[in-house]
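Hi there,

Here is the model I promised to pass on. Have a look first, and my notes follow below.

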There are 2 protein chains.
Amino acid sequence: MIHQRAAILAIGDELTLGQTVDTNSAWISDQLTAMGIVPVEHVTVPDSLEALARVLRRLSRDVELVIATGGLGPTLDDLTRQAVAMACDDSLVEDRLSLIQIEAYFAGRGRPMPELNRVQARRPARAIALSNEVGTAPGLFATILQNSRSCDVFCLPGPPGEMHPMFRRQVLPRLRPSPGRTVRTRVLHCYGIGESHLATLLGPLMTRDQNPLVGTTASGGVVSCRIRYDGTLPAIEADVRLDEIEGRVRRLAGAYLFSDVSPSLAVAVISLLRTRNETLSVVESCTGGLLGAMLTDVPGASSVFVGGLLTYTNEAKVSLAGVDSSLFEAGAPGAVSREVVTAMARGGLERLGSTHALAISGIAGPGGGSAPKPVGTVFIARASAGDDHVDCREFRMTGDRAAVRDWAAKSALAMLRLHLIGQSETRLLREV
Amino acid sequence: MIHQRAAILAIGDELTLGQTVDTNSAWISDQLTAMGIVPVEHVTVPDSLEALARVLRRLSRDVELVIATGGLGPTLDDLTRQAVAMACDDSLVEDRLSLIQIEAYFAGRGRPMPELNRVQARRPARAIALSNEVGTAPGLFATILQNSRSCDVFCLPGPPGEMHPMFRRQVLPRLRPSPGRTVRTRVLHCYGIGESHLATLLGPLMTRDQNPLVGTTASGGVVSCRIRYDGTLPAIEADVRLDEIEGRVRRLAGAYLFSDVSPSLAVAVISLLRTRNETLSVVESCTGGLLGAMLTDVPGASSVFVGGLLTYTNEAKVSLAGVDSSLFEAGAPGAVSREVVTAMARGGLERLGSTHALAISGIAGPGGGSAPKPVGTVFIARASAGDDHVDCREFRMTGDRAAVRDWAAKSALAMLRLHLIGQSETRLLREV
């Protein structure tokens, strides 16, 4: 069977009641779209056997592929197994291999399997269990037949950490996109430029009837430019077209374009530092560790990241980073200032002995703002060994506390990146 | 008409293609649930007139209320106006007041209204336009009649900054929850206990035919227990039932239950420290700032969080936290050990002068593991001023790098919390 159209199903009261935001459906759709299977609908239903079986039957009349997440846990409100059996007119049986894997999961943790988890080994008799290498919930692969139509249904666990590897290893190899169709996507990630500004630069490249089609999306300050070919050309010819469009986007986006691989600025910075054999330290006030966390989120960060100082209080800025305490006296510049953040960067460089140091001090809100320094005011400094000049910039971030902190940490990484590629004069969005 | 059951509809190619995560549906569901209207389904459809009209007709047969977001912009792929007209068998007319408001929006920005935006003033003849105080897209309030059933449909703009105020001012006053129905929800957040273990403890409380009904969900190690009453009792009597069930859940979950307000352990720890007038510092190796970031994500963290040391390299552990360098020599315990993490916690306490210090050192992976210390091995220590005893625990976390780091930071917070509530002897999940 060919999988042309897909529906994504998310299962759980916590989703329909609005307690949790569903990120799985977008992730799965992105994966399917990239290979030429078109997601035509997302549905979310509560932990109700009837609702679940009914939606499975309805979707299986409309599409050739359903990918569902959630409801595979061991508790009584986990009903996906039963619902699939009901939709397939099948009965549940115990899958021996799944049971062994679940028992092994607990044995590996030095515990016997709780009897409750035994239910996770159950599957519809004609379905295939998909092994879970990370957690206890096996997935399911079943086919629903209705009036001579057939629809493949994959059920995956809800936690993304279990869902992603199961999708990659067990679902991807079983997908059958249309053979005559070529879909190729490239993504170029930019930071420091507004989405509408980039769209204006891209101009006619973004017209809806183009193929490849160029589109932009913005998330947390990162503006991602997608170039997508969807047609009947052989892949090699489609790639030639993509190369040409990508070249034009690169020229227009200039220094703001930081990656065609990862939307993480930390990945880009670490990679640049590694090739130069240079190191980095951080001194954080309002971000309180977020910059360090972004850097160390990247595997292998230890080859360039030395460490840092979280100088949340003025006292910590003095004692840890050696900032002159007179800067905090009445009438002096104060914690959120060019002078203090410059001293913090110099202090980091000296105390941690790194090639570069990034320092951040700002007002993340919701409180703490004033007329001259409203919430969102952030100073960021970059100091580098053997260079007396410290690059210090003032920003006015918008949004809530989390947004201000996120943009502050990313803008610090962007400043270092611009320095490393010799584009320090490039101004960043929200710079004052 | 009474609004008993609701469906939430999200509209847009960027959603079905997985380029954007839909947060609107969860937000709206949360609002509806709080007032006793039960969201029974979320649906997301692409920018397709046929798909949109079809799903509106289907949903209007199942529920009394549909709240839709998106597709109200000025471009050719914004089709919500037409789809609602089609579903209502109505024609589009220009709404004079909407046109004036859109023109005023542009006039306020010193620009004439682009002709493109004129289409945003159109509405189905029998629908009501909902004014937008933030952007150009008016909303719609229409009623779809089918075989003697009627369904109210509200269409709101997609950007949350426009949708939220329109929902509050224009939709909320028009909602009619069932007068005879009472829906009340409580959520209790636990950490350090597995979901299936908690479910075993809760036992018959989780049977599906209970009212109040108890359910659990797990996200990033936090197991949230939801207690939901949905019935015909007066609110005050429903609350008595909820009190009783909540009391039983609290007794069964014991020290693992940390909040009935927020799923953030940092919020709970900061609140405990604030009432005791105590302070905290952190010394982080494998988490690289994540623990500090979690703490400073909480507004007002500055009243208890002093700062921290990111000691990613051995050299930084020695120079910043004063760890004895002999601990890193060949044959010595090494960076990921009880000895080093204990010294890190003591160093943090001394260097930062806080009441408590939390230190973390571990192997987050994917590389760096060994047979005696596999990936996921994490040592966490809590030191407190005036107490020679340092609580040091070894964990074996599972999952990928992000999961190991996330659990490490949360387990550190949980250790401090257990100490603050006098339950230090309680073991945490994944503790060796």
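How many salt bridges does the rule find across the interface of chain B and chain A? There are two, a salt bridge being a side-chain nitrogen of Lys or Arg within 4 Å of a carboxyl oxygen of Asp or Glu. One of them joins the side chains of A:Arg58 and B:Glu41 at 3.6 Å, N to O.

Before going on, some housekeeping. This is a predicted model, in which local features need pLDDT of at least 70 and side-chain atom pairs pLDDT 80 or more, while totals for chains, interfaces and linings use all residues. Residues are numbered from 1 along each chain as its sequence is written, chains are lettered from A in the order in which they are written, and side-chain values use heavy atoms, without hydrogens and water.

Back to the interface: 73 residues of chain B and 71 residues of chain A are in contact (heavy atoms within 4.5 Å). About 5,300 Å² is buried between the chains, with 57% from carbon and sulfur atoms; this is the accessible area (1.4 Å probe) lost on being put together, summed over both parts. On the chain B side, B:Arg208, B:Leu310 and B:Tyr312 lose the most area to chain A, together 11% of what that side buries.

The two E14 strands (residues 305-311 in chain A and in chain B) pair in the antiparallel sense over five bridges. Pairing requires at least two DSSP bridges, and strands are DSSP runs of E, at least two residues, numbered from the N terminus. Here A:Leu309 has B:Leu309 as its bridge partner.

Enjoy exploring!

Technical notes
Buried area = accessible area lost by both parts, 1.4 Å probe. Helix = DSSP H or I, 4+ residues; strand = E, 2+ residues; numbered from the N terminus.
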